[in-house]
Amino acid sequence: MKIATFNVNSIKARLPRVLEWLEEAQPDVALLQELKCQDADFPALEISSLGYEAAVHGQKTYNGVAILSKHPIEDVFRGLPGDPEDEQARYIEGTIRGIRVASIYLPNGNPVDGPKFPYKLAWMDRLVAHIRDTLLPTEQPLVLGGDYNLVPGDDDVYDPAKWADDALCKPESRARFRAMLNLGLTEAWKALHPNAAHQYSYWDYVQGRWQKDEGVRIDHLLLSPQAADRLAACEIDKTPRGKEKPSDHTPVWCEIA
DNA sequence: ATGCCGACCCTGGGTCGA
C-alpha cells in the first residue's frame, strides 16, 4: 500500500496540482495538510471523481488536515488529545486496510521568543503521549505522516548555521522528535536512505530557493514496528514542486508491503 | 537583507506561513 504525505498550502488554490499528482503518483492513501478551508468547502466531488474517499478536519483560513484513500476509511478520529482548549485543526487519524494512519500538521513554533514556540513544544509533548498511551499499545501497524515542521539533523537543511536558532532546528524541538523515535517509531525515509544528505521536502517561494535547491526536510513518515517490518520503499517526489503554481512543499511517500 | 512569495481575510492592507 502506497501512503503519501503532502502539505498542499491551500486545497482550493492547489486543486489542479493535487488532482494531477493523484493521477500520476496513484497513492492508495494521501495525507494532506494546510487545507486552509472549512469542511464544507473541501472539494470532495473532484477528489471522489478520481476514486478517493476523504476524511476531513478543516478550519477557516488556517491549518486543516485530511486523509484521502482508495479504500474505505474506518474509525476516524479528529483532533489531538490532551488540550480541550486547542481548536487548531492539525490532526486526524483513521484505519485503512488494518493500518492506522494519521495526517499531522505540527505547529511551526516561530518566533521562538513568542507564545508559538511553547505551543509547538506542548503540542509535541501531547503527540508523544498520544503515541505512547493510545496508539502503540494497540500493536497495530501505524503510519504517522505529515508536515512535522522539524529538521531532524543538520544534513536536512541547506544552511544549518543560519537555521540553528529556528524553531524547526532548536534542540528543544529535536529532543521531542527523538522522543517519538525512542518510543520505537522508525522515520521511513532515513531508514532507507541512511547516508543521504541535503534531500529536501520544502523550499521557500522566495529568493530562488527551489532553483538553488536550498530547502529543508520537514515532511516525515513515522512507522510503528509492525509497519516498519513491511517498509518496502520511501521516496521524496520532487516533481510537483517544479510545476506551475506549486505548493512550497513536495510529497513524500512510502510503500508498505 | 530577515516575508523578497503566496495564501487567507473581505476590500487594499493586515496577517500568516517556515
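Modeller: Sort the surface near DNA strand B by class and you get 8 nonpolar, 8 polar and 7 charged residues. Bear in mind that this is a predicted model. In total, 23 residues surround DNA strand B, and the closest are Ser10, Ala13, Asn108, Asn110 and Tyr205.

Stepping back for a moment, chain A has 7 helices and 12 strands. Its C-alpha trace spans about 45 × 45 × 40 Å along the principal axes. A compact globule of 257 residues would have a radius of gyration near 18 Å, and chain A agrees with that at 17 Å. As for the inside, 44% of the residues of chain A count as buried.

Now for the close look: helix α5, which covers residues 171-182. From first C-alpha to last, its 12 residues reach 16 Å, close to the 16 Å you'd expect at 1.5 Å a residue. Which residues of α5 are buried? They are Ser173, Phe177 and Met180. Look down the axis of α5 and these buried residues fall within an arc of 45°, so they line one face of the helix. The spacing makes sense: an α-helix has 3.6 residues a turn, so residues three or four places apart point the same way.

What does that buried face touch? The buried residues of α5 pack against α3 (116-135) and β10 (219-223). Over on the other side of α5, Pro171, Ala175, Arg178 and Asn182 are exposed. After the helix comes Gly184, with a positive phi near 115°.

How values were computed:
Residues numbered from 1 in each chain as written. Chains lettered and ligands numbered in written order. Predicted model: local features only at pLDDT ≥ 70, side-chain atom pairs only at ≥ 80, totals over all residues. Helix = DSSP H or I, 4+ residues; strand = E, 2+ residues; numbered from the N terminus. Expected span 1.5 Å × (residues − 1). Buried ≥ 20, exposed ≤ 12 C-beta atoms within 10 Å, placed from the backbone. Arc of directions from axis to C-beta. Contact = placed C-beta atoms within 7 Å. Near = placed C-beta within 6 Å. Nonpolar A, V, L, I, M, F, W, Y, C, P; charged D, E, K, R; others polar. Rg over C-alpha atoms; globule rule 2.2 N^0.38 Å.
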